[in-house]
Amino acid sequence: MADSTCYHCGDECGRGSVKFDDKDFCCNGCKTVYEIFTSNGLSTFYEIEGKAGTTPNEIRQKYDFLDNQEIVRQLVEFNEEGVQVVSLSIPTIHCSSCIWVLENLNKLHSAITFSQVDFPKKTIRVTYKTEDFSLKALVLLLGSIGYEPYISLEEYNKKDKKEDRSLIYKLGFAGFAFGNVMLFSFPEYFEVEEFWLDQYKHVFRWLMFFFSLPVVSYAAQDYFISAYKGIRSKLLNIDVPIALGILTLFIRSTVDIVFDLGSGFFDSLTGLVFFLLLGKFFQQKTYAYLSFERDYKSYFPIAVTRLNKNGEEENIQIYDIEVGDRVLIRSHEIIPVDCILIKGNAEIDYSFVTGESEPVFKESGEKLFAGGKQLSGVLEVEVLKSVSQSYLTQLWGNSVFSKDKASQFQTLTDSIGKRFTIAVLSIATIATIFWLIFDPSLALNVFTSVLIIACPCAIALAAPFTLGNMLRIFGKHKFYLKNANVIERLSKIDTAIFDKTGTLTTNVKDTIQYEGMELTEEETALLKTTLRASNHPLSRSLYDILKSNSIMTLEEFQEHTGKGIEGKYNHHSIKVGSASYVGESKSNALTNTAVYVSSDEDVKGRFVFKNTYRDGMSQIFTQLSEDLELGILSGDNDGERAQLQKVLPEKTVMLFDQKPEDKLEYIKNLQEHRKILMVGDGLNDSGALAQSDVGLAVSENINVFSPACDGILDASKLRMLPKFIKLSKQSVRIIKMSFLLSLCYNIVGLYFAVTGQLQPVIAAILMPLSSISIVVFATLATNLIGKKLKIK
């Protein structure tokens with residue numbers, strides 16, 4: 001008979017299911033949530049979307065630090081007259097029913113007056129009365145219904161940042177001016193001879209002038225500033241000819257209307273600025289809800305439990321920890337500082353810091369480092385260093401984390417812009433000298449005409465629209481890049497380096513093999529019953545794979561932290577744990593995690609946990625090896641070297657037992673003659689990710705912690721990495737093709753400018769036409785190559 005599924009969360013119930021109200025639940029937590037919903041009139045939650053909830057976590061004393069009012073004051077947005085407003089990150093928000101239940105929190109507690117969900121950012125903003133309610137009560141309520149908030153040190157330190165809307169305002173000014181100036185220009189274009197139009201044409205021209213003033217002085221000011229900084233630094237960036245063209249258009253047009261020489265080029269001026277700002281807006285409209293600048297603050301708790309001189313527990317802010325303090329570290333909590341273990345048996349998971357997948361066991365008197373996670377039991381530790389001086393914090397002190405990759409990389413647009421500027425100024429100078437000799441009356445007209453028609457608006461638009469559209473295509477397939485500059489850098493790489501643990505391997509699926517004497521049915525039943533009583537991750541993994549259906553009530557159960565567990569039933573006993581705990585005298589060197597089993601003091605065998613590699617890993621490396629040099633940098637041991645050699649290309653470099661600083665130095669040395677892509681997942685990879693030309697973080701959940709990086713790749717899409725890199729290279733080709741198309745327009749326009757035949761109508765047609773055609777070409781071309789590569 002197949003296991004039933006939980007009515008609340010949809011997970012398999014297994015044999016330990018809970019029956020209530022003629023429905024199956026996988027645990028008492030889900031049953032409790034169901035009761036809360038039905039008793040508060042929210043049973044329609046299950047009608048909106050079946051199995052939409054999530055299994056609530058056991059939070060116990062996890063949020064005791066919210067009793068500290070100083071911490072609460074830092075977290076809330078508003079706190080006056082008995083009302084508080086707070087925004088909380090809820091990573092588990094994933095569907096319409098989540099939104100529905102979270103926006104009906106007032107039905108669960110009368111103190112809550114308002115709640116609103118921001119689905120893209122996965123946050124909820126809650127207003128509540130503090131008379132008989134608190135932030136801690138709110139967090140516990142959310143946790144009890146399966147939406148436990150994510151509160152980190154990063155959130156605590158976050159200062160309110162006002163959204164920069166200046167680009168939107170400038171775009172609005174330019175668009176409004178462009179539309180009106182075009183309207184006033186139509187009679188001049190078509191030389192309409194109506195009395196009232198002829199009478200008021202001077203009024204129209206001055207109206208166009210006044211509409212253009214804020215466009216030049218406000219909307220286009222960034223181009224003038226950038227051009228000035230470029231010239232001051234002796235660099236000819238793409239903004240130099242743009243600023244020169246805008247200024248020339250404005251001055252020439254103003255002179256035309258002042259001396260009644262014509263209507264000028266105000267339409268081309270406002271259109272140029274509008275299209276340029278539109279391209280910039282499109283490029284900046286990226287995935288703001290993802291954080292690419294995360295560090296240890298995203299990982300550390302806000303507060304810790306300190307033991308005072310009387311042995312009493314108190315919750316303090318993490319920055320208030322001092323050397324010599326006694327601190328409690330509970331099961332599955334992060335060690336925030338370097339410390340000495342005083343009491344308890346430590347089983348520390350350092351995989352996020354060092355990359356080593358096996359837990360490290362420590363005894364009283366041994367040193368523990370910040371960033372490790374205690375897997376089971378409570379520890380009492382004595383602080384050796386403050387948070388700012390710990391190993392993990394010092395890792396972030398490396399100068400590589402302050403490096404600005406974008407400013408050190410010359411984009412294709414800037415590279416071509418430099419040559420373009422020199423060419424335009426040369427043509428303008430030569431043409432002016434020519435007309436000064438043969439017809440001085442046309443010299444000034446030719447000089448300004450060349451600068452006007454050769455303004456590189458189309459060149460400046462090619463990259464923003466091509467790369468902006470690529471950001472959209474990548475994001476649609478769960479590949480999120482920090483900005484468009486990353487795409488150009490990604491197209492230049494010639495070497496790809498991968499972390500192993502958590503990047504090439506996954507903890508979603510466990511591969512477990514049994515080695516030893518076969519267990520009897522009675523022994524298997526007793527083993528499964530014993531494992532059922534333990535909450536250790538390895539125990540849960542073993543429990544799920546054992547086939548026995550017989551669950552009994554143990555007569556005795558003991559759990560020895562850091563060693564193993566023991567269960568007794570009907571005069572029989574079974575032990576599960578380390579080799580020494582079960583009595584295995586032969587210490588077989590194992591490169592994988594192993595759990596030993598003994599029955600009635602006789603060692604029966606061991607369960608070996610092997611790394612499970614992500615699907616399609618061999619194909620990923622084979623495809624990448626066609627164009628790139630490949631390597632693996634792992635903090636883990638070399639126990640799987642032989643297995644990796646079987647599935648990876650022959651020339652793949654493999655280095656193991658690499659500390660974070662080793663990875664960083666290795667990347668730095670390679671960069672002397674190569675462009676490096678680093679792919680990792682944890683804090684131990686952060687230095688290498690920051691040092692590399694492009695650093696990609698692979699994440700099982702893009703909304704929770706991932707280290708500082710240039711891009712975040714959903715783990716399920718790792719197999720598509722070769723296609724993403726090819727698409728980046730194709731994008732650069734599209735930009736180059738757009739430049740060629742723009743060059744054709746410039747050649748035609750320059751003919752009219754150099755020969756002194758440039759009329760406002762010609763500029764009005766050529767400049768917008770070139771801009772629009774580049775935008776259309778870039779958009780269609782990127783969509784086409786995206787389909788050709790069959791990204792699904």
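In strand 15, E382 is the bridge partner of R326. The structure is a predicted model, in which local features need pLDDT of at least 70, side-chain atom pairs count only at pLDDT 80 or more, and totals for chains, interfaces and linings use all residues. Residues are numbered from 1 along each chain as its sequence is written, and side-chain values use heavy atoms, with hydrogens and water left out.

Strand 15 covers residues 379–383 and runs antiparallel to strand 9, with 4 bridges joining the two. Strands are DSSP runs of E with at least two residues, helices are runs of H or I with at least four residues, and both are numbered from the N terminus. Two strands pair if DSSP finds at least two bridges between them. Strand 9 (residues 326–329) also pairs with strand 7 (residues 303–307), in the antiparallel sense and over 3 bridges. There, R326 of strand 9 stands opposite L307.

Another sheet is open and has 3 strands in the order 12-11-14, with antiparallel pairing. Its edge strands are strand 12 (360–362) and strand 14 (373–374), and each pairs on one side only. Strand 11 (residues 346–349) pairs with strand 14 in the antiparallel sense, over 2 bridges. D349 has K373 of strand 14 as its bridge partner. G371 is placed in the loop between strand 13 (367–368) and strand 14. G371 counts as buried, at 0% relative accessibility. Buried means under 20% relative accessible area, exposed means over 50%, and partly exposed lies in between (1.4 Å probe, protein chains only). The C-alpha atoms of G371 and I348 are separated by 9.6 Å, and the two residues are 23 apart along the chain.

Helix 9 (residues 221–232) has 12 residues. From its first C-alpha to its last, helix 9 reaches 17 Å, close to the 16 Å expected at 1.5 Å a residue. The expected span is 1.5 Å times one less than the number of residues. Y223, A227 and G230 are buried in helix 9. Seen down the helix axis, the buried residues of helix 9 fall within an arc of 65°, so they line one face. The arc is that of the directions from the helix axis to the C-beta atoms. An α-helix has 3.6 residues a turn, so residues three or four places apart point the same way. The face of helix 9 turned away from the buried side carries Y228 and R232, which are exposed. Just after helix 9, K234 takes a positive phi of about 60°.

A search of the whole structure finds 19 aromatic pairs. Rings of Phe, Tyr and Trp (its six-membered ring) pair if their centres lie within 6.5 Å; planes under 30 degrees apart count as stacked, over 60 as edge-to-face and the rest as tilted. F178 and F274 form a stacked pair, at 5.9 Å centre to centre with 25° between the planes. This pair links distant parts of the chain, with F178 in helix 7 (residues 166–189) and F274 in helix 11 (residues 266–284), 96 residues apart. Both F178 and F274 are buried. The rings of F498 and F621 have their centres 4.8 Å apart and their planes at 40°, so this pair is tilted. F498 lies in strand 17 (residues 495–498) and F621 in helix 22 (residues 617–624), 123 residues apart. F498 and F621 are both buried. Ring pairs also link W206, F209, F210, F250 and F266 into a cluster.

A charge sits over a ring if NZ of Lys or CZ of Arg is within 6 Å of the ring centre and within 35 degrees of the ring normal. The charged end of K170 sits over the ring of Y218, 5.7 Å from its centre. K575 lies over the face of Y581, at 5.2 Å from the ring centre.

S573 lies in strand 21 (residues 572–577). S573 is buried, with a relative accessible area of 11%. Not counting residues up to four places away in sequence, S573 touches L526, E566, G567, K568, S598, S599, D600 and E601. Contact means heavy atoms within 4.5 Å.

The chain as a whole holds 27 helices and 28 strands. Of its 792 residues, 51% count as buried. Among contacts between residues at least 6 apart in sequence, 67% join residues at least 24 apart.
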